[in-house]
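Hi,

Here is the structure I promised. Please have a look, then read my notes below.

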Amino acid sequence: MPSGGFPTKSSEWWMRKMREKLSRMLEYAQENVPFYRDFAEARGSKALRLEDFPPIQKKDIIQNPDAFISEEYSRFPLMDKQLIARTSGSTGTYLKIHWDRRNYIESMIETWLLRKRYYGILPQDKQCGFFTTIYEGNKLVAYTEGQNTLVQKNKITFNRNNLDKEKIEKIYKEIYAFDPKWMMLQPSNAMLLAQCIEEKKLPKLRNLQFIELNGETLFENVRQQLKQVFECVIANLYGCAESNTISYECPNGHMHICKSGVHIEILDDVQKPVTDGTEGNIYITTFCNHAMPFIRYNTGDKGRILKNVVCECGNKGPVLELTAGRANDYAIDRYGEKVLASVFVRPIEFVNERIGQIINQFQVIQRDIDHFTVKLVVKKRYFNWQEAIKKMYLQNLWQDSLKDAKFNFEFYTELLPDSSTGKLAYFVRKDFKEKENG
């Protein structure tokens, strides 16, 4: 692949290379990974086609993690050539990911090529970000209140646990002194910095050119607010600890699939492929990581694949369109039926479109079958519009089975991310007894 980020060979050549890479990973897993070796033995022969492999859920790995780790990495010399990554726990479950160090670097090459091509960002450029936990090697470091900043050569990161207005202001002043060229943030953390800048009338970052957002659903009102405050380019990265980058946004707003490291399938709720362009559950198969291959693994997210997209950026590969919410984000209506949490997003988008991007952040909490709390962060000059906002929200909640539910609205100046995950989920369902269907 050239420095520009895209293959110079024909698309047919590129697809053939990816099929070869996938074939090698499928064969490797059946030879070295207990779960897939047992699968091959049970069927009487190795599976040659991806669709013959069983779809995997995160709970399958959590219940028996050793079965999904290559036995080559349990002994010398490969045992010493691996690093450990962790999922954030934003879905309520944590997973430890084993990576071959060389594979980990390999999985990030395409991302860095795209950063350079699209946005002029290089590995040596000064960068800012946030962390939830600190690791030295593969061991968790116990840090104290005074260890909230980590500086590593050209990179500065900040502890995103237990953030408040005072900490955010202190962090921003450190960022200003560090003077980064780009920042890698989650949308909720970026919004906290933006709100701090506006409220405290703090100076803009002098050399900031680019903000890369990841880890949470990026809504258009958040993007526009960040562009206005930081006066720089905003782009979205979709990925996970299990594979690193899955798709990356070009300047034209398309989330191009990073096909050198991952293969994507869209499956329905009974794990059958959907037709092109249809929404479903995102399953990935990783090409790079031999220490812990993920084959037909459910990311927990929903989306659709768009093929034959003509994009001015020059990338001719398929585009992944993410839909609002994770696959496990759903409300329960009065009939005991599941309702996708994305229904709560439309009223927010309608209010912002109708009045002018006045809602900066929101969170909907289901406390019982018929009881919801809607938390809203509204621009200061619209804070007295609360009754009009409530009415407009409920009028545009197009879900008949929720029409009789009670919605309490609460207005805030900011919403802080969860202290344990560092993320702000836009929908939360509290534990309560669900009604039986019918």
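A cavity, on a 1 Å grid over the protein atoms alone, is a set of points where a 1.4 Å probe fits but cannot get out, and lining residues have an atom within 4 Å of a point. This is a predicted model: local features need pLDDT of at least 70, side-chain atom pairs count only at pLDDT 80 or more, and totals for chains, interfaces and linings use all residues. Numbering runs from 1 along each chain as its sequence is written, and side-chain values use heavy atoms, without hydrogens or water.

Cavities. The structure has two of 30 Å³ or more. Helix α6 gives the most, five residues (helices are DSSP runs of H or I, at least four residues, numbered from the N terminus).

The second largest cavity has about 40 Å³. Ser107, Glu110, Thr111, Ser243, Thr245, Cys258, Ser260 and Gly261 line it. Helix α4 (residues 101-119) is the top contributor there, with three residues.

Helix packing. α6 (residues 187-200) also pairs with α7 (residues 220-230): their axes, lines fitted to C-alpha atoms over the stretch in contact, come within 10 Å and cross at roughly 45 degrees. Angles run from 0 to 180 degrees between N-to-C directions.

Best wishes

How values were computed: Helices (H or I, at least four residues) and strands (E, at least two) are DSSP runs, numbered from the N terminus. On a 1 Å grid over the protein atoms alone, a cavity is a set of points where a 1.4 Å probe fits but cannot get out, and a pocket is an open set with protein on both sides within 12 Å along at least five of seven lines; lining residues have an atom within 4 Å of a point. Grid points are joined across faces, edges and corners, and a volume is the space filled by probe spheres set on the points.
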